[in-house]
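Colleague: Please pick one part of this model and take me through it closely, then link it to the rest of the fold. I would like the cut-offs as you go.

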Amino acid sequence: MLIACLSDIHDRVRNLDKALEAIARARADVLIFCGDLNSAEMLPHMAQAVAGQIHIVAGNNDDELDIKRTIDSERLLKVYYHRLIGRLTLDKRRLAFTHKPKDAESLLEEGFDIIFYGHTHVAKIEQVGKTWVVNPGDIQGRFGQAPSYALYDTADGVPALQSLEDNRTNS
């Protein structure tokens with residue numbers, strides 16, 4: 001199963017479209033979103049572009065009521081809102097996702113295969129014990145770096161960063 005992870009869109013629709021196209025080409029089965037949509041209007045946009053389930057948490061720039069209202073009013077049946085921390089088991093892999101690095105760090109004791117987080121806008125992959133800890137970077141393209149996202153294949157259990165600027169892959 002291929003899992004895509006995005007974070008920190010901050011209403012950058014053009015970059016989001018590029019990422020969603022790349023994710024569709026990669027045939028990702030599930031999309032994880034680590035917060036900071038800025039506008040819940042991004043949700044129907046994401047749901048239309050992604051064939052599989054979408055699991056999201058709120059970022060510090062998101063309005064929880066706006067997210068819930070948008071999911072309900074747009075009948076986004078494949079979008080699942082997990083509040084501040086999401087926990088899933090997919091293809092026998094345990095994963096968690098959140099927005100802030102401190103919350104990701106607090107999840108290390110729970111024995112997940114992978115933990116995704118956002119907020120810093122800096123793409124990073126590290127392994128802490130047996131757990132991969134991944135920040136997919138951002139879709140906004142802040143701090144002069146290329147917008148990026150992460151892919152995680154449950155078959156090999158290894159995450160990779162994907163750059164939108166030049167389609168590079170970095171493990």
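Modeller: Happy to! Ala104 counts as buried, because its relative accessibility is 2%; buried means under 20% relative accessible area, exposed means over 50%, and partly exposed is in between, using a 1.4 Å probe and protein chains only. Before going on, please keep in mind that this is a predicted model, in which local features need pLDDT of at least 70 and side-chain atom pairs count only at pLDDT 80 or more, while totals for chains, interfaces and linings use all residues. Numbering runs from 1 along each chain as its sequence is written, and side-chain values use heavy atoms, with hydrogens and water left out.

Ala104 sits in helix α4, residues 101-106. Helices (H or I, at least four residues) and strands (E, at least two) are DSSP runs numbered from the N terminus. Beyond its neighbours within four places in sequence, Ala104 is in contact with Thr98, Ile115 and Tyr117, where contact means heavy atoms within 4.5 Å. Glu126 is 22 residues from Ala104 along the chain, and their C-alpha atoms are separated by 12 Å.

Other buried positions are found in the strands. Cys5 lies in β1 and counts as buried because its relative accessibility is 0%. Setting aside residues within four places in sequence, the contacts of Cys5 are Leu31, Ile32, Cys34, Phe116, Pro136, Tyr149 and Ala150. Not counting residues up to four places away, Phe33 touches Leu6, Ser7, Asp8, Ile9, Met46, His55, Ile56, Val57 and Phe97. Thr89 is 56 residues from Phe33 in sequence and 16 Å away in space, C-alpha to C-alpha.

A nonpolar core is a set of buried Ala, Val, Leu, Ile, Met, Phe, Trp, Tyr and Cys residues joined through side-chain atoms within 4.5 Å. The largest has 31 residues, and Leu6, Leu31, Leu43 and Met46 touch the most other members. At least two residues of this core come from each of β1 (2-6), α1, β2 (30-33), α2, β3 (53-56), α3 (64-73), β4 (79-81) and β10 (148-153). Helix α1 gives the largest share, five residues. Leu6 itself touches Leu16, Ala19, Leu20, Ile23, Leu31, Ile32, Phe33, Cys34, Pro136, Ile139 and Tyr149, again leaving out residues up to four places away in sequence. There is also a second, separate core of 17 residues, which includes Cys5, Val30, Ile32 and Trp132.

Now to the pair α1 and α2. Two packed helices are described by the angle between their axes and the distance between the axes. Here the axes of α1 (residues 13-26) and α2 (residues 42-49) come within 10 Å and cross at roughly 20°; axes are lines fitted to C-alpha atoms, for helices over the stretch in contact, and angles run from 0 to 180 degrees between N-to-C directions. The two helices are therefore roughly parallel to each other, as angles under 35 degrees count as roughly parallel, over 145 as roughly antiparallel, 65 to 115 as roughly perpendicular and the rest as oblique. Val13, Leu16, Asp17 and Leu20 of α1 meet Met42, His45, Met46 and Ala49 of α2. These contact residues divide into six nonpolar, one polar and one charged; Ala, Val, Leu, Ile, Met, Phe, Trp, Tyr, Cys and Pro count as nonpolar, Asp, Glu, Lys and Arg as charged, and the others, Gly among them, as polar. Also in α1 is Lys18, which is partly exposed, with a relative accessible area of 37%.

Finally, two backbone details. Most residues other than glycine have a negative phi. Asn38, in the loop between β2 and α2, has a positive phi of about 80° although it is not a glycine. Asn38 is partly exposed, with a relative accessible area of 34%. His119 lies in the loop between β7 (114-116) and β8 (124-128), and its phi is also positive, near 75°. At a relative accessible area of 29%, His119 is partly exposed.
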